[in-house]
Amino acid sequence: MLYIAFVVLLVVFSLSSPWFLSVDNFLNIGRQTTLVSIIAVGMTFVIIARQIDLSVASTLALSGMAAALAMSQISNSWIVGAAAGLGTGALVGLLNGILTTQLSIPSFLVTLGSLSMARGLAMMVTNTKPV
């Protein structure tokens with residue numbers, strides 16, 4: 001049933017706009033959905049493991065802030081920014097994992113706390129201003 005709805009939407013949109021089936025439109029859709037898709041794959045594994053992670057968006061904000069600050073303060077290189085962003089995300093994930101597995105704290109509580117910690121740290125470092 002879902003595939004039928006998808007085909008109906010595809011036909012309706014392609015008939016209503018000559019630009020819908022263009023390569024530029026599909027590239028634009030791909031660029032806009034990449035970040036959410038990558039996060040969704042990671043969350044799929046978390047859910048399969050019968051856990052929950054509430055800190056995803058805050059960790060993303062903190063990692064993005066760390067990447068932007070590293071690029072502006074250390075070196076204007078995407079490699080430095082990528083390393084800072086990935087390192088920050090990995091550090092928050094490691095902290096969540098250790099607290100959940102080693103101390104047997106439910107992941108709901110751990111990630112609820114790291115949600116507040118990551119968002120608060122991002123706001124504190126930037127003085128609540130966009131980077």
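Which residues in H3 meet which residues in H4? On the H3 side they are Thr59, Leu62, Ser63, Ala66, Ala67, Ala70 and Met71, and on the H4 side Trp78, Val80, Gly81, Ala84, Gly85, Thr88, Gly89 and Val92; contact here means heavy atoms within 4.5 Å. By class, this contact of H3 with H4 has 9 nonpolar, 6 polar and no charged residues. Ala, Val, Leu, Ile, Met, Phe, Trp, Tyr, Cys and Pro count as nonpolar, Asp, Glu, Lys and Arg as charged, and the others, Gly among them, as polar.

A word on the model itself. It is a predicted one, in which local features need pLDDT of at least 70 and side-chain atom pairs count only at pLDDT 80 or more, while totals for chains, interfaces and linings use all residues. Residues are numbered from 1 along each chain as its sequence is written, and side-chain values use heavy atoms, with hydrogens and water left out. The mean pLDDT (the predictor's confidence in each residue, from 0 to 100) is 92 for the protein, and 98% of its residues reach 70 or more. Helices are DSSP runs (H or I, at least four residues), numbered from the N terminus.

Axes are lines fitted to C-alpha atoms, for helices over the stretch in contact, and angles run from 0 to 180 degrees between N-to-C directions. H3 passes H4 in a right-handed crossing, meaning that the near helix is turned clockwise from the far one by less than a right angle, with anticlockwise being left-handed.

H3 also packs on helix H5 (residues 107-126), where the axes come within 8 Å and cross at roughly 30 degrees. This pair is therefore roughly parallel, and its crossing is left-handed. H3 brings Ala57, Ser58, Thr59, Ala61, Leu62, Met65 and Leu69 to the contact, and H5 brings Leu115, Ala118, Arg119, Leu121, Ala122, Val125 and Thr126. These residues divide into 10 nonpolar, 3 polar and 1 charged.

H4 and H5 pack on each other too, at about 150 degrees with their axes 9 Å apart. That makes H4 roughly antiparallel to H5, and the crossing is right-handed. Leu95, Asn96, Leu99 and Thr100 in H4 meet Ser107, Val110, Thr111, Ser114 and Met117 in H5, giving 4 nonpolar, 5 polar and no charged residues.

An unreviewed UniProt entry places "transmembrane region" at residues 32-49, 78-99 and 106-125; such annotations may be inferred rather than shown by experiment. Residues 78-99 are 100% helix, with end C-alpha atoms 31 Å apart. Residues 106-125 are 95% helix, and their end C-alpha atoms lie 29 Å apart.

Note on methods
Helices (H or I, at least four residues) and strands (E, at least two) are DSSP runs, numbered from the N terminus. Angles under 35 degrees count as roughly parallel, over 145 as roughly antiparallel, 65 to 115 as roughly perpendicular and the rest as oblique.
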